[in-house]
Amino acid sequence: MNTLYLQPETDDTAIARAAELLRAGEIVGIPTETVYGLAANALNPDAVCKIFTAKGRPQDNPLIVHIADAAQIADIAAEVPESARKLAQAFWPGPLTIILPKQEIIPSVTSGGLSTVGIRLPAHPLARAIIRAAGVPLAAPSANLSGRPSTTTAQHVLEDLSGRIAAVVEGGACSVGVESTVVSLCGAVPRLLRPGGISLEQLRSVLGEVEVDRALYEKIDDTETVSAPGMKYRHYAPEAPVTVILGAPEQTADYIAAHSGSTTGVLCFDDYASRFSHCGAVLTFGSSQDVPEQAREVFDALRRFDKTACTEILAQCPPTDGIGLAVSNRILKSSGFHIIDLREGNT
Ligand code: TXA
Ligand code: MG
């Protein structure tokens, strides 16, 4: 299949063409403020199946359903509790996915066989324009091959999916850079299943108590049942194995400098890059002081290791407050939770 490259900035018909393909049951890469999504009509099981095939994604991993107006939540969720309305009011449009019991209208293939569904109203104007023009909610996982780092540019999408999808819509580099926060409102207490663009602190400011799923911090066995099925798979991983060094940046930089060589790849903060001139590949993901910048750059850096000859990767990682929880979660997952912990009390 020839993948169309649609450019709304210079082509007035681009959004209408993307919408037409989606209505016809095709799959299309679309920009969102978090990462690029691989979209299909969420209500068409055949179209949704194409997403799983193109990505090589396990069928039990549910998709997020994207809407263009907050009111559409009532067409998709079987019930909309007060907590969901509060979250929508505070953080939509934006990088937050709310899990609720689903209505019949959502096919089982979209929800990965679960009785619940993740719903998100994205902030990217092009994402909303495409959903509106398509006239249906869009199921969209991140637009990467399963297991690879998520895509934050249209170019990344083409690298992974060219020839496998009908089109990709150019929308520039993603402004958040890590995926949406996933929160489940299906239990007695709200539960954070995946940290993302909305921080845990922000969620708590609206909801009060929020539980944190342990899959955020540790490797989950493939045979275990997890709340967010996506959390159990190796993810975001470059080809070379990644080891994360935890500790203050100064301390982790010293460790990496002393334990690396000409075939080592280093994932580090901009301000420490000069320490690793003896290493095979040094890829930076923003200043140690600027976590939003780290979020925007981390996936691009992880993807670029595959174009180098490094045989191992040693990584720095930010502290876990604010959006740092999402950035550190993605780096830890890229390593399969392979960690050397230099923090006090852990050596
Ligand atoms: O920012 C994002 O959320 C992006 C953009 C495209 O919107 N999408 C995205 O989708 O990251 P995906 O499929 O790559 O990740 C969705 C995560 C997975 O870990 C999945 O298991 C979980 O959300 N999830 C989706 N629906 C769920 C449900 N009903 N119950 C529990 N977890 C769910
Ligand atoms: Mg994904």
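In what order do the strands of the open sheet run? This is a predicted model, in which local features need pLDDT of at least 70, side-chain atom pairs count only at pLDDT 80 or more, and totals for chains, interfaces and linings use all residues. Residues are numbered from 1 along each chain as its sequence is written, chains are lettered from A and ligands numbered from 1 in the order in which they are written, and side-chain values use heavy atoms, with hydrogens and water left out.

The open sheet has 11 strands in the order β1-β8-β2-β3-β7-β4-β6-β5-β9-β10-β11, with mixed pairing. Helices (H or I, at least four residues) and strands (E, at least two) are DSSP runs, numbered from the N terminus; two strands pair if DSSP finds at least two bridges between them. At the edges stand β1 (4–6) and β11 (211–212), each with a single partner strand, so one side of each has no neighbour in the sheet. Strand β2 (residues 28–30) pairs with strand β8 (residues 167–169) in the parallel sense over 2 bridges, and G29 has V168 as its bridge partner in β8.

Helix α6 (residues 154–161) lies across β1, β3 (37–41) and β8, and runs at about 165 degrees to β8. Such angles run from 0 to 180 degrees between N-to-C directions, with axes fitted as lines to C-alpha atoms, for helices over the stretch in contact.

In helix α5 (residues 125–134) sits A127, which is buried at 0% relative accessibility (buried means under 20% relative accessible area, exposed over 50%, partly exposed in between, with a 1.4 Å probe and protein chains only). Leaving aside neighbours within four places in sequence, A127 is in contact (heavy atoms within 4.5 Å) with P31, T32 and P122.

The whole structure holds 17 salt bridges, each a side-chain nitrogen of Lys or Arg within 4 Å of a carboxyl oxygen of Asp or Glu. In one of them R303 joins E159, with the closest N and O atoms 3.5 Å apart. R303 lies in helix α9 (residues 291–304) and E159 in helix α6, so the pair ties together parts that are 144 residues apart in sequence. R303 is buried, at 3% relative accessible area, whereas E159 is partly exposed at 38%. E159 also forms a salt bridge with K307, at 3.3 Å between the closest N and O atoms. K307 is exposed, with a relative accessible area of 62%. R148, E159, D160, R303, D306 and K307 are linked in a network of salt bridges.
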